[in-house]
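Notebook open, structure loaded. I'm jotting down what I look up as I go.

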Amino acid sequence: MSELEQFAKAPRIWQVGALCRAIADTLEARFNPVIVRGEVGGFARATSGHCYFSLKDESGQIRCAMFRRAAGLLDFSPRDGELVEVRGRLGVYQARGELQLIVESLSRAGAGALFEQFLKLKARLEAEGLFDAARKRALPLLPRGIGVVTSLDAAALHDVVSTLQRRVPHIPVLLVPASVQGSNAPQELMQALSSLYLFAPPGSRPDSGLAAKAKKKRAASSSIVIDVILLVRGGGSMEDLWAFNDEELARTLAQSPVPIVCGVGHETDFTIADFVADLRAPTPTAAAELVAQSRELGLSLIDAAAQRLFKAARRQLEQQNQGLDLTASRLGRPSELLNHKRLRLASRAQQLQFSLHHFLQPRQQDLQRLQSSLPGIMQRGLKHQQDRLERASLRLGLLDPSLVLRRGYAWLTNSQGETLTSVRQTRPGQPLRATLADGTVDLTVAGPA
C-alpha cells in the first residue's frame, strides 16, 4: 500500500467542538423528536425556572433539561421515583460533552395513576388519625429482642443483619421472611407482622383485638420477647414499592403492640407504611442503627452510671458522717445543752411575766373605774325604775272598773256570770245580777222596755 493510500485511510483528527456538533447533528437527523419513558431522579427546579433531572430505568439513565417555558406548562410537580413520559429532542451539551434530552413536554406515565391512588389513600388514612404524632411511640433504648420482616433475597437483609451483628450481637433477632414485591407481597407482609406480634411483651399496647389474640396464641415455652420490629426493603420504582402502599397492611401496622421502624427504599422514597410506622428510616441500614445502640455506647453508659452511683454514695456517706459528728459533739457535752435549755426557760418565763403584767394592768384600771362609778350607776338605775313604777301605777288606776261604777253605772251578768251588753240578751222573767260600786243586787227582767 502506498503512502497516499495509507494517508487516505487514516482517521480524521477532530476539534472537540466540531466533534460535539457533528454528534449533535447526527442525533438530530436520526432520532429527533423522541418520546422516552422512565423514572424521575434528582429533580430540581432552578431559580431561573429551568428544571433539571434524570430519566432512568433498570438498564440506564439520561440527563434531561426542561427550560422555563416548557416547565411553566406543567400541571403537576414531578417527584423522584415517579414514572413519566417526556417528549423532546436529543442533543449534546457542548460545554461538558454530555448527551442530554431537551424536554418539551412531560406527563405522568403508568405510575401517575398509582401516585393518585397513593395520595387518596394517604389523605383518607390521615383523616382517620393513623398518622397522628400522638400514636408514635419511642423506641426502646435496650430492646430485649428485635423482629425483622423482609425478603430472604433482599440486599436489605444483609445490611440489617450485618449492622445488628456488629452493634448488638447480644440481642436476639427474629426474622420472618415475606415477599416485598408483587401481588402477594401485602398479604405475606401482614402474616409476617402478625407472627411477630405474638412475641410482644404482655404489657404492650392493645390497639385492637389482634394483640389480645396474640397473647392467647403465644407459645409459653418461647423465651424471646420482641420489643421493636424492622420492616425493611431496598430501593426501587413506585411499582416495586407498591406493596407498602396497601391499606390493609397500613392498618396491620397501626395495630402493632410494639414500635415499628420502616426502612423501605432510599431516602427520597415514601410509602404509606412510612407514615403509619412509629419511625421512618431513610435506608434499611439506618433502620437497624436506630434500634441497635452500639455495645460500646452501652458500656460507656454503664460506666457513667457507675461513676454517678459512686459519687452519690460517697456524698451520702459524707453527709451521714457530718450528722454523726454533730450528734457526737452534742452527746459529749450534755451540761452545755442543759445550760442552754435553762437559759431558754428563764427567757420564756421572763417573757411570760412581762406579757401577763401588760395584760392585767389595763384590766385592773378598768375594774377600778367600774368600782368608783357603780354606786352612781345603781342610784340612777333605781330612780329610773321607781319613776316607771309610779307611771305604771297611775295608768293602772285609771283602768280600775270601780271608778266607773262610782259614777252610777252597773255591771249586769246572767246566772252563768256572762256580761250583758244588749237588751237582746234578756228575756222576761230572766234572773240577773247587777254589780254596783258598793255591792251586788239580784234582779228579774219584767219585760222589754
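Before any helix pairs, I note how the geometry works: axes are lines fitted to C-alpha atoms, for helices over the stretch in contact, and angles run from 0 to 180 degrees between N-to-C directions. Helices (H or I, at least four residues) and strands (E, at least two) are DSSP runs, numbered from the N terminus.

Ground rules: this is a predicted model, where local features need pLDDT of at least 70 and side-chain atom pairs 80 or more, while totals for chains, interfaces and linings use all residues. Residues are numbered from 1 along each chain as its sequence is written, and side-chain values use heavy atoms, with hydrogens and water left out.

Overall look: I find 13 helices and 13 strands in the protein. Of its 449 residues, 31% are buried (under 20% relative accessible area, 1.4 Å probe, protein chains only). I also checked contacts (heavy atoms within 4.5 Å): of those between residues at least 6 apart in sequence, 62% join residues at least 24 apart.

Helix pair: I looked up α6 (residues 185-197) and α8 (residues 247-254), which pack at about 10° with axes 10 Å apart. The two are therefore roughly parallel (angles under 35 degrees). On the α6 side I see L189, M190, L193, S194 and Y197; α8 brings E248, L249, T252 and L253. That contact splits into 6 nonpolar, 2 polar and 1 charged.

Last stop, α10 (residues 284-291): P284, A286, A287, A288 and V291 are buried there. Their cover includes β6 (146-150), α5 (155-167), β8 (228-233) and β9 (260-264).

Note on methods
Buried < 20%, exposed > 50% of the residue type's maximum accessible area, 1.4 Å probe, protein only. Parallel < 35°, antiparallel > 145°, perpendicular 65-115°, else oblique. Nonpolar A, V, L, I, M, F, W, Y, C, P; charged D, E, K, R; others polar.
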